[in-house]
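Hello,

I am passing a structure on to you, as promised.

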Amino acid sequence: MRKILATSLLASSLLLAATPALAVTANGGMRVAVFDREAALLASDVAKAAQDKLNADMKPLRDKHEQLRRDIKAMEERFQKEVATMTEKDKRALRAQADAKAQEFNGLIQQVQKRTQDAQQELLRRLLPSMETIVEDLRKAGNYDIILDRRAAVYVSPEFDLTRRVTDRLNVVK
């Protein structure tokens, strides 16, 4: 979930930050702040609740995933133990069973990834407009000329890191 979210947020941050960053060299007295979109979003109460719901919804799939993993492992162990005494027909049957379990296992992984990605996209769809409004309000209130992605800075004084303030305001908006 974090990887897709991070990629989406980083791309939007780079687009947001690219144009104003060019103006920094032309005017030396600018006020600059940073914030980490991903951290602010994931720390919000809405994101935590969504993650808890997703974990609860995915429990049956995780349980099935674990059972398939155990079944495949048991088949591999059986094959290794009995390979010398098995007929070719039995070997093919066991391989076919293992292949079917592996396909089911891979399909389940894809299903989990899709559901996770859908949940992330829904969360972004719900929270990004509020986050953008919050950041703009903080920009105006702090008289900042530029707000950059926190990961683009080597060092930032805590007073210029808006991440916690964005999260706090997201928790109020819900």
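This is a predicted model: local features need pLDDT of at least 70, side-chain atom pairs count only at pLDDT 80 or more; totals for chains, interfaces and linings use all residues.

**H3 and H4**

The axes of H3 and H4 are 9 Å apart, and the two helices pack at an angle of about 170°. Angles over 145 degrees count as roughly antiparallel, and that makes H3 roughly antiparallel to H4. Which kinds of residue make up the contact of H3 with H4? They divide into 20 nonpolar, 11 charged and 4 polar.

Is lysine 53 buried or exposed? Its relative accessibility is 51%, so lysine 53 counts as exposed, the cut-off being over 50%. Lysine 53 and alanine 119 are 66 residues apart in sequence, yet their C-alpha atoms are 9.8 Å apart in space.

**H4 and H5**

The crossing in which H4 passes H5 is right-handed.

- From H4: Leu127, Ser130, Met131, Ile134, Val135, Asp137 and Leu138.
- From H5: Arg165, Val166, Arg169, Leu170 and Val173.

By kind, the residues of this contact of H4 with H5 divide into 8 nonpolar, 3 charged and 1 polar.

**The aromatic pair**

How many aromatic pairs are there? The count comes to 1. Its partners are tyrosine 144 and phenylalanine 160, with 6.4 Å from centre to centre and 80° between the planes, an edge-to-face arrangement.

Where do the two partners sit? Tyrosine 144 is in the loop between H4 and strand S2 (146-149), while phenylalanine 160 is in the loop between S2 and H5, so the pair ties together parts that are 16 residues apart in sequence. With a relative accessible area of 5%, tyrosine 144 is buried. Phenylalanine 160 has a relative accessible area of 24% and is partly exposed, since buried means under 20%.

Enjoy exploring, and write back whenever you like.

Best wishes

Technical notes. Residues are numbered from 1 along each chain as its sequence is written. Side-chain values use heavy atoms; hydrogens and water are left out. A crossing is left-handed if the near helix is turned anticlockwise from the far one by less than a right angle, and right-handed if clockwise. Helices (H or I, at least four residues) and strands (E, at least two) are DSSP runs, numbered from the N terminus. Contact means heavy atoms within 4.5 Å. Ala, Val, Leu, Ile, Met, Phe, Trp, Tyr, Cys and Pro count as nonpolar, Asp, Glu, Lys and Arg as charged, and the others, Gly among them, as polar. Buried means under 20% relative accessible area, exposed over 50%, partly exposed in between (1.4 Å probe, protein chains only). Rings of Phe, Tyr and Trp (its six-membered ring) pair if their centres lie within 6.5 Å; planes under 30 degrees apart count as stacked, over 60 as edge-to-face and the rest as tilted. Axes are lines fitted to C-alpha atoms, for helices over the stretch in contact, and angles run from 0 to 180 degrees between N-to-C directions. Angles under 35 degrees count as roughly parallel, over 145 as roughly antiparallel, 65 to 115 as roughly perpendicular and the rest as oblique.
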